[in-house]
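Open the model in your viewer and keep the sequence panel beside it. This tour moves from one selection to the next and says what is there.

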Amino acid sequence: MTDAEELSRHRRKLSGKRLRLAALLCLLLFISALWRLGAGEWDIPAARVAALLNPFLDESMGASPEALVVRSIRLPRFFAAVGCGGLLAVAGAVLQGLLTNALAEPYTLGIAAGAAFGGALGFFLDSYAVVPMAFLGAMSSLWLVSLIAARSGGGASSIVLAGVIMNAILSAGVTFLKAIADDRLGAIVLWLMGSLSGASPSAAVIVCCSSLILFVPAFVCARQIDACSLSEGQGELLGVEEKRLRALLLAVSSLATAAVVSLFGIIGFVGLVVPHLTRSFIGPSTRPLLVFCFLGGGLLLALADGAAQAMGELPVGVITALIGGPFFCWILIRGRSGA
């Protein structure tokens with residue numbers, strides 16, 4: 001068998017594997033949707049849920065208590081979970097590719113901590129200030145990380161180290177704000193834990209649109225990300241303007257992450273776990289990786305939110321931290337042993 005035939009065979013095999021995985025993820029998402037829309041304090045059978053989702057429901061059935069629960073409360077929460085999970089997973093895949101670092105994600109780079117600090121500060125001003133202050137905090141954190149990285153070498157490794165430092169500083173800042181919060185403490189702590197329990201239709205729309213705002217430029221720039229992910233400086237040799245691409249996608253990732261944090265609090269480790277698991281199944285190519293990360297991230301967070309609700313509305317951020325913490329350690333140990 002020639003090299004060309006071997007390569008063609010390998011591509012067909014990989015394509016078949018990706019199609020099977022895509023079908024499986026879509027099936028699991030459908031099943032999880034029926035579960036999430038039917039389960040709760042008021043259990044509704046799956047067949048009834050499917051009937052209530054019919055867009056041509058008659059007026060009497062559409063105004064029934066069951067329809068209001070499914071369509072106005074549970075459906076927005078499910079779409080918010082899928083949008084948040086997909087967004088965070090795509091952001092993790094983009095950052096890991098751009099910075100050639102297995103541990104890069106919005107949580108470890110200080111972006112989420114910046115949004116959390118800004119949002120917590122917003123509680124001291126007005127409840128309506130939380131969202132804009134979270135965006136301001138995320139972008140300020142990105143600016144400081146870029147500034148520190150530029151002064152210390154300007155490479156991808158410098159950005160990761162600067163992000164770790166900024167994450168530590170801003171986490172301490174959040175702790176300080178909680179210490180002086182007085183009567184605002186309960187609201188700040190509950191928000192920071194990360195919960196989808198109050199997801200409204202407008203919040204679900206915002207986070208789904210934010211995920212598209214990140215996904216589209218990342219998908220368009222997928223080949224450039226592939227070039228950058230080979231090794232630091234390799235993209236420049238292949239004609240990619242690494243600094244400009246990095247600045248663009250870091251800014252978009254920060255804004256998208258800020259949308260999640262401002263609405264639902266910190267939901268960590270999704271951007272770490274999902275890209276690694278997905279990459280092990282379909283390979284490192286960025287374009288298919290982004291698609292599968294969105295599906296896998298949405299599925300993971302929908303299931304985690306279901307588990308959180310089943311345990312008495314536990315914040316979903318706690319569930320993802322329990323999953324992601326040990327996974328983070330495993331990646332670190334595996335990287336050390338492979339070095």
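Start with the lining of the largest cavity: its residues divide into 10 nonpolar, 4 polar and 1 charged. Here Ala, Val, Leu, Ile, Met, Phe, Trp, Tyr, Cys and Pro count as nonpolar, Asp, Glu, Lys and Arg as charged, and the others, Gly among them, as polar. The model is predicted, local features need pLDDT of at least 70, and side-chain atom pairs count only at pLDDT 80 or more, while totals for chains, interfaces and linings use all residues. Residues are numbered from 1 along each chain as its sequence is written, and side-chain values use heavy atoms, with hydrogens and water left out.

**Largest cavity**

Select Leu88, Ala112, Thr257, Ile267 and Gly268. Of the 15 lining residues, these are the closest to the centre of the largest cavity. The space there is about 90 Å³. A cavity is a set of points on a 1 Å grid, over the protein atoms alone, where a 1.4 Å probe fits but cannot get out; a pocket is an open set with protein on both sides within 12 Å along at least five of seven lines; lining residues have an atom within 4 Å of a point. Grid points are joined across faces, edges and corners, and a volume is the space filled by probe spheres set on the points.

Now colour α12 (242-264) and α13 (270-282). Each supplies at least two residues of this lining. The largest share, 3 residues, comes from α12. Helices are DSSP runs (H or I, at least four residues), as are strands (E, at least two), numbered from the N terminus.

**Second largest cavity**

The structure holds 2 cavities of 30 Å³ or more. By class, the lining has 6 nonpolar, 2 polar and no charged residues.

Ile165 lies in α7. Buried means under 20% relative accessible area, exposed over 50%, partly exposed in between (1.4 Å probe, protein chains only).

**Largest pocket**

Go to the largest pocket, with about 380 Å³ of space. Of its 19 lining residues, Tyr107, Ser171, Leu192, Met193 and Ile266 are the closest to its centre. Helices α5 (111-125), α7 (156-179), α8 (185-193) and α15 (316-338) are the elements that give two or more residues. The largest share, 6 residues, comes from α7. The lining has 13 nonpolar, 5 polar and 1 charged residues.

Next, select Thr286, in helix α14 (residues 286-310). Thr286 is buried, because its relative accessible area is 6%. Its side chain joins that of Asp226 in a polar contact of 2.5 Å. A polar contact is a pair of N or O atoms within 3.5 Å; within protein, one must be able to donate a hydrogen and the other to accept it, and residues adjacent in sequence count only if both atoms are side-chain atoms.

Last, select α9 (residues 201-220). Its buried residues include Val207, Leu214 and Phe215. Among the elements covering the buried residues of α9 are α10 (222-230) and α14.

Conventions
The expected span of a helix is 1.5 Å times one less than its number of residues. Contact means heavy atoms within 4.5 Å.
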